[in-house]
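Visitor: Hi, could you walk me through this one? I'd like to start with a helix and then look at some rings.
Guide: Happy to, let's bring it up.

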Amino acid sequence: MNSTTGTWLLGDLPVRRVGLGAMRLPGRVAFDNSSVSDRDRSIRVLRRAVDLGVNHIDTAAFYFSARRSANELIGAALAPYPDDLVIATKVGPRRDRAGDWATWARPDELRGDVEENLRQLGRDRLDVVNMRVNEVSSPHIAEYVGELARLRDAGLIRHIGVSGVDAAALAAARKEAPIVCVQNPFGLGRTRPGDAELLRTCTAEGIAFVPFFAIAGGAGHEGAEGNPATAALAEIAAAHGASPAQIRLAWTLHQGPNVLAIPGTGDPDHVDQNVAAGTIRLTPQEVRALGTVTG
């Protein structure tokens, strides 16, 4: 099997296949306002990633803790931004100032959310905006994507992606605007019904598939530490001189050339490990064996 290194296009923007998720930069525990990160350490994570060639960062205005904002950290660490850096953000979910989840954004509120991301990042246009949907908003995805298309036409957005979708929602979204990526939870032990077929559709259509929880798997927001290695995973990791987390990431990248991983971390050392995972070559037999991992 070919190396998992390389690039893919987000619209017309070439990005390397191992990126960085910014969710854990504001605090060690995602979406917990009492968990505040060390600012200098988070900035080191961002700068280390770019130094290693990462040029795809995933963020959101609702990634914040009591004293840290992911978007603000990105601007502080990396502005003026490298010409090839692609920053993808997302809209839909909202948190109030206390950090509690608020009502999902309505279509007519998306402009305010896009402008908030622009302000926090210090940009005139967002490279990619992913419309995250839930069970309530998914049936109305056409209205949401239609509004993002108007913001694209106004020059505030370059490309549109969708997140948390099934095949029907993706089809409805594509009727409103070109969709450059699908961002869904996907990893060993965490594949939703229909997502394997959705990934195949994205591959055939040239759409990037951007999995989150690629390392955490079923542990979700708990992260890799909440997901112990199975015997099969540990055996394959040992054979490659890698950690189980690296093998989880490598397996995800092996699912297709259009798969773009965005592992999140607040640890500079983990950035090195995640980037190195992109060079791991799994055999077809190992890929099949790992596909049986359920946790």
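This is a predicted model: local features need pLDDT of at least 70, side-chain atom pairs count only at pLDDT 80 or more; totals for chains, interfaces and linings use all residues.

Visitor: Which residues of α2 are buried?
Guide: The buried ones are Ala 70, Asn 71, Leu 73, Ile 74, Gly 75, Ala 77 and Leu 78.

Visitor: Switching to rings. How many aromatic pairs are there?
Guide: The count is seven aromatic pairs. One of them joins Phe 31 and Tyr 63, with 5.9 Å between the centres and 50° between the planes, a tilted arrangement. Phe 31 sits in the loop between β3 (20–21) and α1, and Tyr 63 in the loop between β4 and α2, so this pair links parts of the chain 32 residues apart.

Visitor: Buried or exposed, that Tyr 63?
Guide: Tyr 63 is buried, since its relative accessible area is 6%.

Visitor: What does Phe 31 do with Trp 101?
Guide: Phe 31 and Trp 101 form an edge-to-face pair, 4.9 Å centre to centre with 65° between the planes. Trp 101 counts as partly exposed because its relative accessibility is 47%.

Visitor: Which residues make up the aromatic cluster?
Guide: Phe 31, Phe 62, Tyr 63 and Trp 101 form one cluster.

Visitor: Where does the charged end of Arg 95 sit?
Guide: Over the ring of Trp 101, 5.8 Å from its centre. Arg 95 also lies over the face of Phe 64, at 4.0 Å from that ring centre.

Visitor: New topic: where is Phe 212?
Guide: Phe 212 is in the loop between β9 (208–209) and α7 (231–240). With a relative accessibility of 17%, Phe 212 counts as buried.

Visitor: What does Phe 212 touch?
Guide: Leaving aside residues up to four places away in sequence, Phe 212 touches Arg 132, Ser 163, Gln 183, Asn 184, Pro 185, Phe 186 and Ile 262.

Visitor: And what separates the C-alpha atoms of Phe 212 and Asp 113?
Guide: Those C-alpha atoms are 21 Å apart, and the two residues are 99 residues apart along the chain.

Terms used:
Residues are numbered from 1 along each chain as its sequence is written. Side-chain values use heavy atoms; hydrogens and water are left out. Buried means under 20% relative accessible area, exposed over 50%, partly exposed in between (1.4 Å probe, protein chains only). Helices (H or I, at least four residues) and strands (E, at least two) are DSSP runs, numbered from the N terminus. Contact means heavy atoms within 4.5 Å. Rings of Phe, Tyr and Trp (its six-membered ring) pair if their centres lie within 6.5 Å; planes under 30 degrees apart count as stacked, over 60 as edge-to-face and the rest as tilted. A charge sits over a ring if NZ of Lys or CZ of Arg is within 6 Å of the ring centre and within 35 degrees of the ring normal.
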